[in-house]
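Please keep the structure open beside them as you go.

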Amino acid sequence: MEQPTENKNKDQWISWNENVKHSYSNMIKIGHEKELQKAVQENSSIRVFGNRFSSADISAGTQTLIDITAYDKIVSIDREAKEVTVQSGASLEKVINIIQSCGWCIPCLPDINKVTIGGALATGTHGTNGYILSKYVSKFRMILADGTIKEFTDADIETDAVRVSLGLLGVFSEITFKCEDNYILHLKEEPMRDSAWLSQLDDYLATYDFVRILWLPHTDHGYVILGTKVNKDFEFERKDTPGYIKHRRKTSKFLYQYTHKYPKFTATANKILYRLFFTPKKEHAGSLYDATVTKSRGATMELAEWTVGYSKFKELFVELKQILDDKSNNAFVHVPMDVRFLKKDNAWLSYASDEDVVTMGCVCRDSPAADDYEAFDRVEEVFLKYGGKPHWAKRFKAKHDELAKLYPKWEEFKTLREKLDPTNKFLNPYLTKIFTK
Ligand SMILES: Cc1cc2nc3c(=O)[nH]c(=O)nc-3n(C[C@H](O)[C@H](O)[C@H](O)COP(=O)(O)OP(=O)(O)OC[C@H]3O[C@@H](n4cnc5c(N)ncnc54)[C@H](O)[C@@H]3O)c2cc1C
């Protein structure tokens, strides 16, 4: 049996993009549920972390840290129920490969496959279309603050709180996904003027099974990706983009290397990137996972992401574009701002807890310069004005009072958190400012 390793030395925990750093005194690497139970029971202040991709300061900041990434086995496959149970430290990549080999899918996937299941679920990670990932979980096996195990299913009223809970109600142990039959998406991708894609958005959402706009700020264009579910024998003329397209991220990094000093150059860089990388059209097909999820990234980045009710999006977009293009501020944005669409769900802390929403990303491709990236602040102001919600795993400044207004079940979540974690074992300083008052 693999033994947990404990590091009693003062050491540093560093996030993927190196923007969050914390010292700790006790690192516990777990490989088995009993070790996870023991670690939770015996320590008074802990955070659990997965693959450290989150930009928000939510994964460390306590003296004891639990590294869950070796707790990553596939536990069982129920072919009749189309259910797969996995340990929460497993990567999405590993889980989807197993699910696809059964001929199934989870019909909404984020644009990253290296995250852990626990980290993705805890933060309300959502698909490019459809729902948040936790919509497809039928059972959460969780270690509570006192070390006991509880299983949450649709029969428990707290399950919709657990679905997006940032590790504040307990630690996910085993997760059971309810899968669906896999399908093929036929995708067409092309650039369009903002006025064109914005005016056709309602039609796109009514007509297509997959809609994503990679908005290219300061260029007046978006790269529109539309997909339809098709049969396996569907015939079409495949259109590939030129081979050099694979150098987009490297070229972006090169062009953006001085934009923290000369923010206005971002607009020129975006126009170059648009011409080089976002004008070729593409037509292809594959499973949702194979055709739409990015499998590797050349460089780190700092991310923010906001959601807003679909009914308010077009008005918000017009105002946001005006502010970002206003030369009197330095809110220049690296490409793309990813525009995606989610359906309403019931999770208490979900971005879509009360309505269908649009999500909009904001990326800084120069991670060390993120604190000086003015766009993060301007984007946050505009979204808050329209009642928008921030992505829990990404960068935002709003704290308890602003967030409390956005979630109908905010106070209920806080009450449940206090009941399940009366000694605040799972709070770090950042989360304390958000969830206590
Ligand atoms: C390049 C990139 C692309 C992304 N794309 C998307 C996207 O398309 N859609 C989207 O919604 N998000 C996206 N994200 C956000 C990403 O899904 C989250 O940051 C996710 O939490 C990362 O998983 P992780 O394993 O790195 O978790 P970590 O960052 O290590 O942890 C995140 C949180 O989960 C908690 N946690 C971890 N494991 C457990 C557990 N077992 N039980 C309880 N709590 C736990 C941690 O304490 C922490 O609070 C993206 C992020 C990046 C960097």
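1. Glu-18 is not a glycine, yet its phi is positive, at about 70 degrees. Strands here are DSSP runs of E with at least two residues, helices are runs of H or I with at least four, and both are numbered from the N terminus. Please bear in mind that this is a predicted model: local features need pLDDT of at least 70, and side-chain atom pairs count only at pLDDT 80 or more, while totals for chains, interfaces and linings use all residues. Residues are numbered from 1 along each chain as its sequence is written, and side-chain values use heavy atoms, with hydrogens and water left out.

2. As background, most residues other than glycine have a negative phi, and most peptide bonds are trans.

3. On the peptide bonds, Val-335 and Pro-336 are joined by a cis one, with omega about -10 degrees. Pro-336 lies in the loop between α10 and β20 (337–342).

4. Now to the sheet. Five strands form an open sheet in the order β7-β8-β13-β11-β12, with antiparallel pairing; strands count as paired if DSSP finds at least two bridges between them. β7 (74–78) and β12 are the edge strands, each pairing on one side only. From one strand to the next, the twist averages 15 degrees. Helix α2 (residues 92–101) packs on this sheet and touches β7, β8 (83–87) and β13, its direction making about 25 degrees with that of β7. Contact means heavy atoms within 4.5 Å, and axes are lines fitted to C-alpha atoms (for helices over the stretch in contact), with angles from 0 to 180 degrees between N-to-C directions.

5. Within the sheet, β11 is a handy strand to follow. Four bridges link β11 (residues 137–143) with the antiparallel strand β12 (residues 149–152), and Arg-141 has Glu-151 in β12 as its bridge partner. Five residues lie between the strands of this hairpin, where Gly-147 takes a positive phi near 95 degrees. β11 is also joined by five bridges to β13 (residues 171–178), again antiparallel, with Lys-139 opposite Thr-176 in β13.

6. How do the axes of α10 and α11 cross? Helix α10 (residues 310–325) and helix α11 (residues 374–385) have axes that come within 10 Å and cross at roughly 155 degrees. The two are therefore roughly antiparallel (under 35 degrees is roughly parallel, over 145 roughly antiparallel, 65 to 115 roughly perpendicular and the rest oblique). Among the residues in contact are Leu-316 and Glu-319 of α10 and Arg-378 and Val-379 of α11. By class, this contact has seven nonpolar, no polar and three charged residues (Ala, Val, Leu, Ile, Met, Phe, Trp, Tyr, Cys and Pro count as nonpolar, Asp, Glu, Lys and Arg as charged, and the others, Gly among them, as polar).

7. The axes of helix α7 (residues 248–255) and helix α8 (residues 265–277) also come within 10 Å, crossing at roughly 160 degrees. That makes α7 roughly antiparallel to α8. Arg-248, Thr-251, Ser-252 and Leu-255 of α7 meet Phe-265, Ala-269, Ile-272, Leu-273 and Phe-277 of α8. This contact of α7 with α8 counts six nonpolar, two polar and one charged residues.

8. Finally, the aromatic rings. The whole structure has 23 aromatic pairs (rings of Phe, Tyr and Trp, the last by its six-membered ring, with centres within 6.5 Å; planes under 30 degrees apart are stacked, over 60 edge-to-face and the rest tilted). Phe-396 and Tyr-430 make an edge-to-face pair, 6.4 Å centre to centre with 65 degrees between the planes. This pair links distant parts of the chain, 34 residues apart: Phe-396 is in the loop between β22 (389–390) and α12 (400–404), and Tyr-430 is in helix α14 (residues 429–435).
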